[in-house]
Protein chains: 2
Amino acid sequence: MPEMKKGTNYTAAHLGKWEDLKDYKMEEPVKARGKAFLNDLLDLNSMEVSINSFPPHTSVPFHHKHGENEELYIFVKGKGQFQVDEDVFDIEEGSVVRVAPTGVRIFRNNSDENLYFICVQAKENSLQHNNISDGIVVEKPVEW
Amino acid sequence: MPEMKKGTNYTAAHLGKWEDLKDYKMEEPVKARGKAFLNDLLDLNSMEVSINSFPPHTSVPFHHKHGENEELYIFVKGKGQFQVDEDVFDIEEGSVVRVAPTGVRIFRNNSDENLYFICVQAKENSLQHNNISDGIVVEKPVEW
């Protein structure tokens, strides 16, 4: 269990370094290692997020799609390949991929190093205000 | 403009390495460097996401809150401090922070290295199915 900090308006956790992610495990519905889910951990209610370490020369063992959630993959470190429907393309540090719910997706790490990535999903068409229109500056001195 | 790839069900972009993020600029409503927004770039419609490089010994110059979006910060590399309302805590590689819309937030990089982070926002209470219940396995051979 990671170190936690919580207040009225926030929940924070410290997962550890990227190379420590291997110690996080998913048990259901399939066993997987190197996967930390944030939704339950942080009480998120608008998105599900996983922080992932994916071992060398490994593929997700199945293709999948989604019911109603848009998915975003952010590749943080390492190299691999991603497939959506019939298109296959290389991904690496700095690659970002949006997949619509009906896109049939899979990816693999075809390199000798770990592939680290973040996967975010949220309900398709749910965003009404983007960063700039939703943010409100608060008049309060910056004291540090 | 990053290298792009697009199909019926996806949009992918390659932003480059973390240290190349300094070349991305925001012009409106305030000028900022080292900030790549993904919503318009990838045609996202459920979330706004920024990928950020934040320089040493720098603070966000103002506190802010949100109208209706929950915000998640994922710290990828480096060290700093985060404040929500009256609570101040350290953040570093592997720290993740959920902030409710009304939380008054600010952060700083008080170290000698760049602070790299991802900020995601999505509409509060919009998620109805999480990762496991929304995913659908597709019967299709894994061919690589």
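Mentor: Leaving aside its neighbours within four places in sequence, A:Val96 is in contact with A:Leu72, A:Tyr73 and A:Ile74 in chain A, and with B:Ala12, B:Ala13, B:Leu15, B:Leu38 and B:Leu42 in chain B. Two residues are in contact when their C-beta atoms, placed from the backbone, lie within 7 Å. This is a predicted model, in which local features need pLDDT of at least 70 and side-chain atom pairs count only at pLDDT 80 or more, while totals for chains, interfaces and linings use all residues. Residues are numbered from 1 along each chain as its sequence is written, and chains are lettered from A and ligands numbered from 1 in the order in which they are written.

Trainee: Which residues have the most contacts inside the largest nonpolar core?

Mentor: They are A:Met47, A:Val96, B:Met47 and B:Val96, in a core of 70 residues. Such a core is a set of buried Ala, Val, Leu, Ile, Met, Phe, Trp, Tyr and Cys residues joined through C-beta atoms within 7 Å.

Trainee: And what counts as buried?

Mentor: A residue is buried if 20 or more other C-beta atoms lie within 10 Å of its own, exposed if 12 or fewer, and partly exposed in between, with the C-beta atoms placed from the backbone. By that rule, 42% of the 144 residues in chain A are buried.

Trainee: OK, new topic. How many helices and strands are there in chain A?

Mentor: Chain A has two helices and 15 strands, where helices (H or I, at least four residues) and strands (E, at least two) are DSSP runs, numbered from the N terminus. Its C-alpha atoms fill a box of roughly 50 × 35 × 30 Å along the principal axes. If you take the contacts in chain A with a separation of 6 or more, 62% of them link residues 24 or more positions apart.

Trainee: What is the order of the strands in the seven-stranded sheet?

Mentor: The order of this open sheet is S5(A)-S6(A)-S14(A)-S9(A)-S12(A)-S2(B)-S1(B), and the pairing is antiparallel. At the edges are strand S5 (35-37) of chain A and strand S1 (3-7) of chain B, each of which pairs on one side only. The twist from one strand to the next averages 15 degrees; the axes behind such angles are lines fitted to C-alpha atoms, for helices over the stretch in contact, and angles run from 0 to 180 degrees between N-to-C directions.

Trainee: Where do the two chains join up in that sheet?

Mentor: Strand S12 (residues 95-99) of chain A pairs with strand S2 (residues 10-14) of chain B, antiparallel and over five bridges, and there A:Val99 stands opposite B:Tyr10. Two strands pair if DSSP finds at least two bridges between them.

Trainee: How many residues does a hairpin use to join S1(A) to S2(A)?

Mentor: That hairpin runs through two residues. Strand S1 (residues 3-7) and strand S2 (residues 10-14) of chain A are antiparallel and share five bridges, with A:Met4 opposite A:Ala13.

Trainee: Back to the two chains: how many residues of each are in contact?

Mentor: There are 78 residues of chain B in contact with 78 residues of chain A. On the chain B side they divide into 34 nonpolar, 28 polar and 16 charged, where Ala, Val, Leu, Ile, Met, Phe, Trp, Tyr, Cys and Pro count as nonpolar, Asp, Glu, Lys and Arg as charged, and the others, Gly among them, as polar.

Trainee: What rotation superposes chain B on chain A?

Mentor: A rotation of 180 degrees does it, with 0.0 Å of shift along the axis and an RMSD of 0.0 Å, so the two copies are related as by a two-fold rotation axis. The same surface serves both copies, since 100% of the contact residues of chain B recur in chain A. Copies are superposed by least squares on the C-alpha atoms of residues with pLDDT of at least 70 in both. Of the residues of chain B, B:Ser126 comes closest to the axis, with its C-alpha at 3.3 Å.

Trainee: Last one. Is A:Lys65 buried or exposed?

Mentor: A:Lys65, which sits in strand S8 (residues 63-66) of chain A, is buried because 20 other C-beta atoms lie within 10 Å. By contrast, A:Asn125 counts as exposed, with 11 C-beta neighbours inside 10 Å. A:Asn125 is in the loop between S14 and helix H2 (131-134) of chain A, and has a positive phi of about 65 degrees although it is not a glycine.
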